[in-house]
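Hi,

Here is the structure I said I would pass on.

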Amino acid sequence: MTLFKHEMKQSKLSLITWTASIGFLMATCVLLFPEMKGEMDSVSDMFASMGSFSAAFGMDRISFGSLDGFYAIECGNILGLGGAFFAAYCAVTILAKEEKDHTAEFLMTHPVSRVSIITEKLAAVLTQIVIMNVLTLAISIGSMYIVGEEIPWKNILLMHLAYFLMQLEIGGICFGISAFVRRGGIGIGLGIAVMMYFLNIVANISDKAEFVKYITPFGFSDGADIITNGEIDALMVCIGMALGIAGIIAAYIKYTKKDINP
Amino acid sequence: MLRIEHLTKQYGEKKAVDDLSLHIKPGEIYGFIGHNGAGKTTTIKACCGILPFDSGEVYIGGKSIKESPLGCKSMLAYIPDNPDLYDFMTGIQYLNFVADIFGVSASRREELIHLYADTFELTEDLAQPISAYSHGMKQKLAIISALIHEPKLIIMDEPFVGLDPKASHLLKEIMRKICHEGGAIFFSTHVLEVAEKLCDQIAIIKGGRLIKSGTMEEVKGDESLESVFLELEENHG
């Protein structure tokens, strides 16, 4: 547990910053909803008729005038992209940084096995993702109470669950990448998150590219789909979790055998 | 305490360490000298489990570093020539982190941290972040972190680099004390005068190969270590 506590301590400021930023933006959106609600019907009609732009962000399928519809689009993009960036950032550097910062030598000379190193660092990544999601959910729910709107619990909780699972997948994949790279990991991790986001936009725009939703975790965490269908697509989640787990397994295999350059 | 048997480490075509065998017994201070690029650091890192090696074996306290790496590392402390520490930590946080890894009890670690921090005059700086430390202060902190878990074997790579004269003197005293109490020390150095005064045994390495080893008297006889070293370097050129 020593390494886990060390990682959590090291990441404390980063976790607070990301959580506060994402939470603040989501709270701002929710707090603005009552002001915008009156105009939402006309805005919703306008957004729904903007062709591919509407389809890209799911605005052709849900109403901007309802709290869950507004939340899915506005807060969904914040937590979706922001959460993906956060998970990628946490995971992609956590193994590689010991080589980059030349502290690998410290770890290698102490009675800590590589499996323990990987496991405790993975636990630190997962814990940070859990904490960020719990706090942002609490901030969102708190904001909804403040504005006095009736909370569409099922849709809100489903969306948050989907974003959480999406972050787990991206975190798992980036954790695997962290075992292979020595530097430049942040660019790769954030690049993967952005690419996954845009793949979902492409899938939303083009019927021919709909299969791409099975590749990107933004496919099963698309707020518009969740509200429309009333559920998260289980097959997409299973594929996503399998990819995340594959990343974690790759990390174990690579890191335990890697010739680490202190 | 440390037995190196036919150690070979190759990088591509080049043998950084070539069939090296050494035996360091409990109670010994063993010096390891050689020119730049001779293979000293490679040997040391292989002994500590940082670098894998191509053939041979390293035993620490009778345990193989390959088969029982955690068992070996629990008996060992390594002090590099240029310690890379966690800059975001304070000195005391770093020492507690190391003590946690080795399972040192709270009371014992407090006692030893006070002892060694006072000895090296680092007590007042322990609350500062390591990022604010000079090289010498980092070296002192690395030494303290090596001592607080009371290892049986200490391996050091040019430990006197960056230390002020007082700290160097204190380190030598501590090294003698550790060996007197049954520990062993294996260290590399370019400062031949220090090796001459401090070491019980010495090994000279060149081009990855051991060219001379034995007690200080056996290696240097009536001459100075410096002249013996230079002569051996020429003869094995």
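**What I found**

His6(B) is partly exposed, with a relative accessible area of 47%. Keep in mind while reading that this is a predicted model. His6(B) sits in strand 1 (residues 2–11) of chain B, and its phi is positive, about 50°, although the residue is not a glycine. Asp19(B) also has a positive phi without being a glycine, at about 55°. That residue belongs to strand 2 (residues 14–24) of chain B, and with a relative accessible area of 37% Asp19(B) is partly exposed. For background, most residues other than glycine have a negative phi.

Now for chain A. Its secondary structure amounts to 12 helices and zero strands. The radius of gyration of chain A is 20 Å, close to the 18 Å that the globule rule gives for 262 residues, so chain A is as compact as a globular protein of that length. The C-alpha trace of chain A spans about 65 × 40 × 25 Å along its principal axes, and buried residues account for 54% of the 262 residues.

On to the charges. General point to start with: side chains of opposite charge can pair when their charged atoms come close. Over all chains, the count comes to 19 salt bridges. Here are three of them that I went through.

- Within chain A, Lys97(A) pairs with Glu7(A), and the closest N and O atoms are 2.8 Å apart. A network of salt bridges links Glu7(A), Lys97(A), Glu98(A) and Lys121(A).
- Between the chains, Glu105(A) forms a salt bridge with Lys45(B), with 3.0 Å between the closest N and O atoms. This pair crosses from helix 6 (residues 104–108) of chain A, where Glu105(A) lies, to helix 1 (residues 40–48) of chain B, which holds Lys45(B). Glu105(A) counts as buried because its relative accessibility is 12%, and Lys45(B) counts as buried at 18%.
- Within chain B, the side chains of Glu196(B) and Lys220(B) meet in a salt bridge at 3.5 Å, N to O. Glu196(B) lies in helix 7 (residues 192–198) and Lys220(B) in helix 8 (residues 216–220) of chain B, so the pair ties together parts that are 24 residues apart in sequence. Glu196(B) counts as partly exposed, with 25% relative accessibility.

Which residues form the negative surface patch on chain B? They are Asp222(B), Glu223(B), Glu231(B) and Glu234(B). One of them, Glu234(B), is placed in helix 9 (residues 225–235) of chain B. Glu234(B) is exposed, with a relative accessible area of 66%.

Val58(B) lies in strand 4 (residues 55–60) of chain B. From Val58(B) to Leu126(B) there are 68 residues in sequence and 35 Å in space, C-alpha to C-alpha.

Cheers

Methods. Residues numbered from 1 in each chain as written. Chains lettered and ligands numbered in written order. Predicted model: local features only at pLDDT ≥ 70, side-chain atom pairs only at ≥ 80, totals over all residues. Heavy atoms only, no water. Patch = residues over 30% accessible without salt bridge, like charges linked within 9 Å, V, L, I, M, F, W, Y side chains within 5 Å. Areas by Shrake-Rupley, 256 points an atom, 1.4 Å probe, with all protein chains shown as cover. Salt bridge = Lys/Arg side-chain N within 4 Å of Asp/Glu carboxyl O. Lys, Arg positive; Asp, Glu negative; His and termini not counted. Charge placed at Lys NZ, Arg CZ, Asp CG, Glu CD. Helix = DSSP H or I, 4+ residues; strand = E, 2+ residues; numbered from the N terminus. Buried < 20%, exposed > 50% of the residue type's maximum accessible area, 1.4 Å probe, protein only. Rg over C-alpha atoms; globule rule 2.2 N^0.38 Å.
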